[in-house]
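I opened this entry to log what I looked up in the model. I started with the fold and worked towards single residues.

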Amino acid sequence: MSAKFEIYKDKAGEFRFRLKAANGEIIASSEGYSSKQACENGINSVKKNAADAGIDDQT
């Protein structure tokens with residue numbers, strides 16, 4: 001099994017997504033979105049932009 005995005009509704013009724021690793025651990029979670037389409041757009045943005053993201057180590 002590979003990593004996967006899950007879309008769900010929070011207690012306030014907003015759509016959110018979380019990225020789960022192959023072992024089921026949550027490795028990223030989103031802000032709340034007012035529509036499912038906006039949430040899906042957020043997922044697509046992560047897919048498109050995260051592959052080349054750098055690391056900003058502020059320790």
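**Fold order**

I read the elements of the protein chain from the N terminus on as β-β-β-α. That is one helix and three strands. I took helices (H or I, at least four residues) and strands (E, at least two) as DSSP runs, numbered from the N terminus.

I noted the ground rules next. This is a predicted model, where local features need pLDDT of at least 70, side-chain atom pairs count only at pLDDT 80 or more, and totals for chains, interfaces and linings use all residues. Residues are numbered from 1 along each chain as its sequence is written, and side-chain values use heavy atoms, with hydrogens and water left out.

**Whole chain**

I looked up the extent: the C-alpha trace of the protein chain spans about 35 × 25 × 25 Å along its principal axes. Of its 59 residues, 20% count as buried. Buried means under 20% relative accessible area, exposed over 50%, and partly exposed in between (1.4 Å probe, protein chains only).

UniProt lists residues 10-57 as "domain: DUF1508", in an unreviewed entry. UniProt positions are given in the numbering used here, feature names are shortened, and annotations may be inferred rather than shown by experiment. I found the end C-alpha atoms of that span 31 Å apart, with 29% helix and 21% strand.

**Sheet**

I traced the three strands as an open sheet, ordered β1-β2-β3, with antiparallel pairing. β1 and β3 stand at the edges with a single partner strand each, so one side of each lacks a neighbour in the sheet. Neighbouring strands are turned by 30° against each other on average, direction ignored. Strands pair here if DSSP finds at least two bridges between them.

I went through the pairs. Six bridges join β1 to β2. Isoleucine 7 has phenylalanine 17 in β2 as its bridge partner, and glutamate 6 stands opposite arginine 18 in β2. Three bridges join β2 to β3 (residues 26-29). There, leucine 19 has alanine 28 in β3 as its bridge partner.

I checked both turns. The β1-β2 hairpin has five residues between the strands, and glycine 13 in the turn shows a positive phi of about 85°. The hairpin of β2 and β3 also has five residues between its strands. Glycine 24 takes a positive phi near 90° there.

**Helix**

I tested the length of α1 (residues 36-49). Its 14 residues should span 20 Å at 1.5 Å a residue, and its end C-alpha atoms are 20 Å apart, which agrees. The expected span is 1.5 Å times one less than the number of residues.

Which residues of α1 are buried? I found Cys39, Gly42 and Ile43. They cover an arc of only 95° around the axis, which puts them on the same side of α1. The arc is that of the directions from the helix axis to the C-beta atoms.

I then asked what covers them. The cover includes β1 (4-9) and β2 (15-20). α1 lies across β1 and β2, running at about 30° to β2. Axes are lines fitted to C-alpha atoms, for helices over the stretch in contact, and angles run from 0 to 180 degrees between N-to-C directions.

**Tyrosine 33**

I ended in the loop between β3 and α1, where tyrosine 33 sits. Is tyrosine 33 buried or exposed? Tyrosine 33 is buried, because its relative accessible area is 16%. Leaving out residues up to four places away in sequence, tyrosine 33 touches Glu14, Phe15, Phe17, Ala38, Cys39 and Gly42. Contact means heavy atoms within 4.5 Å. The C-alpha atoms of tyrosine 33 and phenylalanine 15 are separated by 4.9 Å, at 18 residues apart along the chain.
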